[in-house]
Amino acid sequence: RYQASNSMDYFGATSRKFRFQFTLVGALSDRTIRAGFHNTFSVADAADGAYFEIVSGVASVKTAENGVRTTDATTYAMALDTAYTLDIDIPAGGGSKRFRIYAGTSTTAVLDVTITDTRLTDGTRRTNVGIVATMAGTTASDILILHSLGVGTVEGFTRVMG
């Protein structure tokens, strides 16, 4: 796992941006990866957040607050040894969460989903930011190569990236 040292993120005060770039290696089966804004540190699903969940190479997107989750029906089957970029954009109001996946160097998203809800906008429940990758197998094996992980505001990202 690689996560920020605090769990102070909530939505609705300023925009939030998460970007995770990685390559899946080893095998797809028996692996679970959660990446984005969430508060899990183990194989257990997050109680709070807006995050990607990749189970045995199939990516989906979720929002959660106090254990109540929404999972969008759209999924994307990933492949080994392909670089992926996962983006989450949350505007200042926090009422929508946009999730995108890019494969390789393409600038066209292979998954582009928005979940509209007001989860985590009252500041009561908060999340961490980062990734948790676990495997169910009994023999140690590689899961992914982390290329970069970034968090900030949508406006800051746009300023830097153009």
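This is a predicted model: local features need pLDDT of at least 70, side-chain atom pairs count only at pLDDT 80 or more; totals for chains, interfaces and linings use all residues.
Local features need pLDDT of at least 70 and side-chain atom pairs count only at pLDDT 80 or more, while totals for chains, interfaces and linings use all residues. Residues are numbered from 1 along each chain as its sequence is written, and side-chain values use heavy atoms, with hydrogens and water left out.

Q: In what order do the five strands of the open sheet lie?
A: Strands are DSSP runs of E with at least two residues, numbered from the N terminus. Two of them pair if DSSP finds at least two bridges between them. The pairing in this open sheet is antiparallel, and the order is β10-β9-β8-β2-β12.

Q: Why is one side of β10 and of β12 left without a neighbour in the sheet?
A: Neighbouring strands of this sheet are turned by 10 degrees against each other on average, direction ignored; axes are lines fitted to C-alpha atoms, and angles run from 0 to 180 degrees between N-to-C directions. β10 (111-116) and β12 (144-152) stand at the edges, so one side of each has no neighbour in the sheet, each having a single partner strand.

Q: Which residue in β9 stands opposite isoleucine 88?
A: β8 and strand β9 (residues 96-103) run antiparallel and are joined by six bridges. Opposite isoleucine 88 stands phenylalanine 99.

Q: Is strand β11 mostly covered or mostly uncovered, and how many of its residues are buried?
A: Buried means under 20% relative accessible area, exposed over 50%, and partly exposed in between (1.4 Å probe, protein chains only). Strand β11 spans residues 128-135 and is mostly covered, the buried residues numbering six of its eight.

Q: Which residue in β11 stands opposite alanine 35?
A: Strand β1 (residues 2-3) runs antiparallel to β11 and is joined to it by two bridges, with glutamine 3 opposite glycine 130. Strand β3 (residues 31-38) is also antiparallel to β11, through eight bridges. The residue opposite alanine 35 is isoleucine 131.

Q: What is the distance between the closest N and O atoms of arginine 19 and aspartate 87?
A: A salt bridge is a side-chain nitrogen of Lys or Arg within 4 Å of a carboxyl oxygen of Asp or Glu. Aspartate 87 forms one with lysine 17 (3.5 Å, N to O); aspartate 87 is buried at a relative accessible area of 1%, and lysine 17 is buried at 4%. Lys17, Arg19, Asp87, Asp89 and Arg100 are linked in a network of salt bridges. For arginine 19 and aspartate 87, the closest N and O atoms are apart by 2.8 Å.

Q: What is the relative accessible area of aspartate 45?
A: Aspartate 45 forms a salt bridge with arginine 69, the closest N and O atoms lying 3.1 Å apart. Arginine 69 is partly exposed, with a relative accessible area of 38%. Aspartate 45 is also partly exposed, and its relative accessible area is 23%.

Q: What is the volume of the largest cavity?
A: On a 1 Å grid over the protein atoms alone, a cavity is a set of points where a 1.4 Å probe fits but cannot get out, and lining residues have an atom within 4 Å of a point. The count comes to one cavity of 30 Å³ or more, and the lining residues include Leu24, Arg31 and Ile143. A volume is the space filled by probe spheres set on the points, which are joined across faces, edges and corners; for the largest cavity this is about 40 Å³.

Definitions and conventions. Helices (H or I, at least four residues) and strands (E, at least two) are DSSP runs, numbered from the N terminus. On a 1 Å grid over the protein atoms alone, a cavity is a set of points where a 1.4 Å probe fits but cannot get out, and a pocket is an open set with protein on both sides within 12 Å along at least five of seven lines; lining residues have an atom within 4 Å of a point.
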